[in-house]
Amino acid sequence: MNEHRIPLAGVIGSPIAHSRSPRLHKHWLRVYGLPGDYVPLHVEPEDLVEVIRSLPKMGFVGVNITIPHKVAVLELADLVTDRATLIGAANTLIFRKDGKIHADNTDGYGFIANLKQNAPGWNPAAGPAAVLGAGGAARAVIASLIEVGVPEILLSNRTRPKSDALKSEFGQRVRVVDWVQAGNMMEEAATVVNTTSLGMVGAAEFRVPLDGLRPGTVVSDLVYAPLKTRLLVEAEAAGCVAVDGLGMLLHQAVPAFERWFGIRPEVTQATRDAVIG
Ligand code: ATR
């Protein structure tokens, strides 16, 4: 890569117009006075390899990867980090100077960093974590919860075989709970996480019964549109510590920005404001 090129980054997905990542990275570039830019790239699966192979030639130092490409990019990377292998998907590519493509997954890091920042007394070892959903986001959340020492994961998903599959991958610390019993998990949980799309603008309503929530439980929703989901509103009313999903989006971007642009950015209220617009 030529030293005089302006470093570019971006996010590859389909669709991509709704992505908040361009606002986030452009905000940090401005705040830290760095040369560079970050663009949304709408790419279809059949063009993915060709596009990614071309990007370094145009000055790209890396890209974020989102739906539907997070699994496919593992195939074309020269190096895949352990955590991306464990999660089975990558959200960040780094185009190294030697031409090698490095794939990482920072979603689990972002999830934990968000909890640490917004629920400062959070103790992962305090008790089981209840996780709703068994898709890609759940994999990142479960891997990171196990890594920080949560003693047990209670996992519930509408489609039971998907949670059973995650149990066989992540092991004995995962206990599968039937979807109709999902509300009951809350009574035992010190941490509750919604990784499903329920409650998101345009998706089905979040209807899991929440009367089992106990005061002091840390409750996080990965849905960030709306910012205050029904889960978070009811959690607050029950005396829980509610943590919204926007923070995870912001924190997962920190390691990527640092690798691409050379400065570790801070997540502050101004960062949130810039992304909410
Ligand atoms: P992501 O990468 O964001 O996790 P995903 O892999 O498509 O996206 O997973 C979406 C999750 O939301 C799944 O756990 C899905 O449940 P199923 O495995 O049963 O499909 C969950 N989900 C989506 N719509 C749902 C609904 N109406 N009721 C219950 N769960 C739902």
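1. The largest pocket holds about 1,500 Å³ of space. A pocket here is an open set of points on a 1 Å grid over the protein atoms alone, where a 1.4 Å probe fits, with protein on both sides within 12 Å along at least five of seven lines. Its volume is the space filled by probe spheres set on the points, which are joined across faces, edges and corners.

2. A word on the basis: this is a predicted model, in which local features need pLDDT of at least 70 and side-chain atom pairs count only at pLDDT 80 or more, while totals for chains, interfaces and linings use all residues. Residues are numbered from 1 along each chain as its sequence is written, and side-chain values use heavy atoms, with hydrogens and water left out.

3. Lining the largest pocket are 46 residues (each with an atom within 4 Å of a point), and T66, I67, K70, A137 and M200 lie nearest its centre. Strand 3 (60-65), helix 6 (136-147) and helix 10 (246-261) are the elements that give two or more residues to this lining; helix 6 gives the most, with four. Helices (H or I, at least four residues) and strands (E, at least two) are DSSP runs, numbered from the N terminus.

4. By class, the lining has 22 nonpolar, 18 polar and six charged residues. Ala, Val, Leu, Ile, Met, Phe, Trp, Tyr, Cys and Pro count as nonpolar, Asp, Glu, Lys and Arg as charged, and the others, Gly among them, as polar.

5. The chain is divided into domain 1 (8-105 + 252-276) and domain 2 (108-244), with bounds from an automatic or database domain assignment. Each domain gives at least three residues to the pocket lining. Their centres, taken over C-alpha atoms, are 26 Å apart.

6. Between the domains, 12 residues of domain 1 are in contact (heavy atoms within 4.5 Å) with 12 residues of domain 2. Together they bury about 950 Å², 52% of it on carbon and sulfur atoms; buried area is the accessible area (1.4 Å probe) that two parts lose on being put together, summed over both. L86, I87 and R272 supply 46% of the area that domain 1 buries against domain 2, more than any other three residues.

7. The structure holds 14 salt bridges (a side-chain nitrogen of Lys or Arg within 4 Å of a carboxyl oxygen of Asp or Glu). One salt bridge is found across the domain interface. R272 and D244 pair through their side chains at 2.7 Å, N to O. D104 and R83 also form a salt bridge, at 2.7 Å, N to O; D104 is in strand 6 (residues 101-104) and R83 in helix 4 (residues 82-87), 21 residues apart.

8. Do look at two peptide bonds. Most peptide bonds are trans, but S14 to P15 is cis, with omega near 5°, and P15 sits in the loop between strand 1 (8-13) and helix 1 (21-31). A225 to P226 is cis too, with omega near 5°, and P226 is in the loop between strand 11 (218-221) and helix 9 (230-237).
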